[in-house]
Structure formats: C-alpha cells, structure tokens
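Visitor: Please take me through this model one feature at a time. For each feature, I would like the general idea, then the case at hand.

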Amino acid sequence: MARTRLPYCSPYRLIWAVLATPRSAAQRIHHAYAHFAWRSMGWSHYLLTAALCLVWPVIFLIMLWMFTRPIGPKVAEATGKSVARQVLEQFWLAVRHSIPPDKYYVFDLFRPQRLPNAGDYVLRYELKGGFHNLVHFHTRETMRNSTKEVLKDKLRFFRRCEERSVASPIVFQVMGGDGVLQAEAATTDGLPPLDLFIKPAKGKGGRGCERWQYIDGGYAGPIGRKLNAEGLLQHIRALVAKRGRYLIQECLRNHPDLAGFSAGLTSLRITSCKDESGGFEVTNAVLKMSLAAGVAVDNFHQGGAVCRVDVATGEIGPAWDSWSKRPCVVHHTHPATGARIAGARLPCWPETVQMVEKAASLFPDRIMIGFDVAITDSGPVIIEGNVQQGSDMVQRTHDLPVGMQRLGQLLAHHATEALATRPPRAMRWYGPRDYWGPR
C-alpha cells in the first residue's frame with residue numbers, strides 16, 4: 001500500500017476541499033482526497049496537520065529558493081514575467097490550491113492561458129497518496145481477487161499477457177538472488193546470442209534498466225562497455241545483489257516510422273481508466289523519447305522528453321523536455337536527428353488502442369493503469385503496467401489540466417463512489433522527511 005501524502009505546501013486543500021460543495025470534476029477529486037485523508041488520520045496525524053498549518057511557510061520558502069532561484073530568471077527572460085511576479089503567483093497557488101513551487105514550473109503555470117485553470121490540476125500527492133489508496137480499499141471490498149501484485153511484478157505481468165494473447169516482450173530468463181539463470185522462454189543454457197534488455201522484476205522509473213547489443217560474439221552495453229557472456233552474467237549478478245531479481249528480455253526495436261526519434265526504444269505511456277459502465281477506456285497517451293544519442297531509457301524523470309498524443313488520431317504534439325533545466329523549451333523536431341515530431345502520426349495506432357483496452361481488461365479491479373507500450377515493426381507490444389499512475393506528463397504536455405479532461409470525469413466518478421468505503425486508520429504516512437526523497 002502506498003503511503004498517504006499530505007499537501008505540505010500548504011495543507012489548506014485539506015480544509016477548503018472539505019468545506020466547499022464540489023461541482024466540477026476536479027473539485028470532486030479534491031473533495032474525495034481530503035475526505036480520505038481526514039478519515040484515515042489518527043491523533044498523531046491531526047497534530048501533524050495542525051503543525052503544518054503553522055509551519056508550511058518555512059517549507060514554502062525553502063522550495064521557493066530551490067526552484068525559483070535557478071528557473072525563475074530563465075522564465076522571466078522567455079516570458080517577460082518578472083521573478084517577483086512569479087513569487088507572488090506561487091504564494092497564491094500555495095494558499096489557494098496547495099500547489100507547491102516545483103509544480104508551478106512543471107505545469108508551466110506562469111503561462112497566462114494555464115494559470116486561470118490552476119484549480120483543475122490534479123496533484124501527485126492526490127493521486128499517489130490519495131485516489132489510488134481510496135479506490136484500492138473500495139475495490140478490495142467489492143471484488144475478491146486483487147491484481148495489484150501481478151502488475152507490480154514484471155514476470156507475472158508477462159505471464160498473464162502471454163496467457164491471454166496480449167503481446168509483451170519475451171522474457172528469456174530470470175536471475176534470482178542465488179545468481180542462477182532460470183529459463184523462461186530460452187532455448188539455450190546461457191545468455192541468448194541476441195540483443196538483450198535487462199531490468200529489475202520489481203522496479204520503476206527506468207532505474208536499473210540496460211540495453212546490451214550482441215556484436216561479434218559479445219555484448220556491448222552502456223557507456224561503451226563490452227563484455228563476453230560470462231562477464232555480462234557477472235554484471236547481472238551484481239545488479240541482482242543491489243536490486244533483487246532481474247529479467248533478461250528480448251530487445252524491442254522501433255517501428256521504422258519512429259526510428260528518427262531515438263537510437264534506443266521509443267515508448268508510449270497510455271492511460272486506461274475504467275468507465276462508468278465497467279468497461280475500459282483509453283483516455284490519454286504521451287510519447288516518450290530520449291533527446292540524447294545512445295540512451296536506452298526514455299523515462300521522463302530520467303531526462304527524457306514527452307509529447308502529447310491525440311487519442312482519436314494518433315497525431316503527435318511537440319516534445320517537452322525537462323522543466324528543471326530548460327523551461328519554456330519545446331521541440332517540434334528532434335534536436336539530435338532532425339526528425340519531425342509535431343504533426344507526425346503514430347503507426348498502428350488503432351491496433352495500439354485496442355491492445356491497451358484488452359490489456360486493461362486483464363486487471364478488472366484496477367481503476368486506472370498507465371501502460372508502457374512500444375510500437376515495433378510487428379505491431380504494438382505492452383511493456384508493463386503501472387499501478388500508481390500519475391498525471392504530471394499529461395498535464396505538462398496538455399493546455400487543459402486533468403480536471404477538465406475525460407480522465408478527470410472518470411476519476412471523479414470513481415472517487416465519489418469509493419467514498420462510501422471507510423479506510424482503516426492504521427495507514428502508513430508519507431511524512432515531511434520523505435518529501436525530499438524520490439516522489
């Protein structure tokens with residue numbers, strides 16, 4: 001169970017959202033999150049919330065210095081909005097909507113067309129530490145079998161997809177803590193003489209993933225490293241010692257139409273959500289890509305870029321890279337290859353949407369899943385499913401926040417239904433010390 005999160009900068013959304021009568025989809029999401037948070041509190045958490053109501057300005061000032069000092073001058077140069085004006089807007093957003101300074105820049109709320117819709121943005125703490133927990137408790141009462149652990153374990157995910165004829169990367173072998181290879185779909189005792197992709201069986205954010213090309217009887221990997229088969233096995237054993245069980249998979253290749261976007265694999269994050277009648281609907285999609293040559297991982301939080309994808313047509317929007325280093329920069333063409341990004345259309349798009357909807361049906365108790373999907377020369381392939389799907393990538397690349405999209409309508413529907421379930425008070429809390437770590 002993910003730890004429940006509080007809006008530390010500031011905590012007032014817990015108050016405003018409960019007192020107000022929710023009317024819009026975003027307000028219903030905020031309302032459900034706040035009710036869930038209050039219901040799951042014990043006395044120590046009431047005291048923590050009371051303390052946060054007093055000391056949050058200190059946290060705000062620290063975050064203001066961390067993010068505005070390096071980014072504010074660049075935004076002022078690009079937009080003409082002074083740093084002082086940015087600071088005032090961030091203070092207002094913190095008080096009125098509990099939006100911290102980093103999200104001011106993540107969502108480009110300094111843009112005049114986005115700032116008026118600030119109340120419709122759904123924050124990471126509301127989803128990661130609120131909505132997902134709330135609907136988990138609700139579905140646990142209404143449905144017998146949970147598929148959450150299947151989604152979190154990449155080997156079990158592969159097996160379920162294979163059983164139901166949903167294309168997923170072939171897992172050749174698995175290496176556990178004993179350092180011994182266990183065959184899954186391999187025909188040889190050692191590593192297959194093929195390009196390989198290795199990743200932790202339970203990992204996230206692209207951490208620990210590596211691509212190894214088979215060349216002249218050996219393997220070439222990150223940073224120009226070259227190993228023979230035994231050397232690569234020793235390397236994987238070292239990774240297993242750090243991160244646990246590892247999967248040795250086939251190395252997928254981009255569809256030829258996507259070759260100009262990355263030397264490695266270009267993938268999509270496609271959001272599926274259960275609709276009002278119990279079916280599954282693709283609501284959003286973003287294309288992820290690396291803007292640097294030779295990088296195998298395209299994860300947004302590892303320096304990749306993301307593009308909006310029109311769900312109806314598969315048309316790609318411009319690429320947004322890291323907000324923290326280069327604000328106000330979007331790419332209409334790929335900076336390394338010159339390939340056109342904005343306006344291009346994804347191949348096999350109708351088949352991709354159909355496959356994601358089928359994959360979502362394999363996990364009927366999950367309300368919202370973020371599927372990582374590759375489009376290869378043989379069609380779409382489901383790489384993995386993310387049970388704790390966020391909304392940062394969607395809201396960064398769209399001019400409309402989630403609360404004003406179809407996804408917001410569905411989240412509001414399920415959050416309102418789930419409020420009938422009272423969560424247990426024995427919750428694990430995501431405390432102030434955790435806030436500065438990985439989020």
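Visitor: Let's start with strand pairing. Which residue in E8 stands opposite Gln173?

Guide: Ile248 stands opposite Gln173 in E8. The model is a predicted one, in which local features need pLDDT of at least 70 and side-chain atom pairs count only at pLDDT 80 or more, while totals for chains, interfaces and linings use all residues. Residues are numbered from 1 along each chain as its sequence is written, and side-chain values use heavy atoms, leaving out hydrogens and water. As for the terms, helices (H or I, at least four residues) and strands (E, at least two) are DSSP runs numbered from the N terminus, and two strands pair if DSSP finds at least two bridges between them.

Visitor: How many bridges join E2 and E8, and in which sense do they pair?

Guide: E2 pairs with strand E8 (residues 246-250) in the antiparallel sense, over 4 bridges. Another position to look at is Val171, whose bridge partner in E8 is Gln249.

Visitor: What joins E2 to strand E3?

Guide: Strand E3 (residues 181-183) runs antiparallel to E2, with 3 bridges between them. E2 and E3 make a hairpin with 5 residues between them, and Gly179 in the turn has a positive phi of about 80 degrees.

Visitor: Why is E2 described as largely enclosed by the rest of the structure?

Guide: Buried means under 20% relative accessible area, exposed over 50%, and partly exposed in between (1.4 Å probe, protein chains only). In strand E2 (residues 171-175), 5 of the 5 residues are buried, so the rest of the structure largely encloses this strand.

Visitor: What is the order of strands in the sheet that holds E2?

Guide: The order is E3-E2-E8-E4-E5-E6-E7, an open sheet of 7 strands with antiparallel pairing. Its edge strands are E3 and strand E7 (226-227), each pairing on one side only.

Visitor: Now for charges. How many salt bridges does the structure hold?

Guide: Side chains of opposite charge can pair when their charged atoms come close. The working rule is a side-chain nitrogen of Lys or Arg within 4 Å of a carboxyl oxygen of Asp or Glu. The structure holds 20 salt bridges. One of them joins Asp372 and Arg269, with the closest N and O atoms 2.6 Å apart. Asp372 is in strand E14 (residues 368-376) and Arg269 in strand E9 (residues 267-274), so the pair ties together parts 103 residues apart in sequence. Both Asp372 and Arg269 are buried.

Visitor: Which side chain meets Asp392 in a salt bridge?

Guide: Lys103 does, at 2.7 Å from N to O. This pair links distant parts of the chain, with Asp392 in helix H11 (residues 392-397) and Lys103 in helix H5 (residues 101-106), 289 residues apart. Asp392 is buried at 7% relative accessible area, and Lys103 is buried at 8%.
Arg111 and Asp108 form another salt bridge, their closest N and O atoms being 2.6 Å apart. Arg111 is partly exposed at 22% relative accessibility, whereas Asp108 is buried at 1%. There is also a network of salt bridges linking Lys81, Arg85 and Glu89.

Visitor: Let's turn to the surface. Is Trp65 buried or exposed?

Guide: Trp65 is exposed, at 55% relative accessible area, and belongs to helix H3 (residues 43-79). Together with Val58, Ile62 and Met66, Trp65 makes a nonpolar surface patch of about 400 Å². Patches take residues with over 30% relative accessible area and no salt bridge, joining like charges within 9 Å and nonpolar side chains (Val, Leu, Ile, Met, Phe, Trp, Tyr) within 5 Å.

Visitor: What share of the residues in the protein is buried?

Guide: Buried residues are 57% of the 439. The secondary structure comes to 13 helices and 16 strands, and the C-alpha trace spans about 65 × 55 × 40 Å along its principal axes.

Note on methods:
Areas by Shrake-Rupley, 256 points an atom, 1.4 Å probe, with all protein chains shown as cover.
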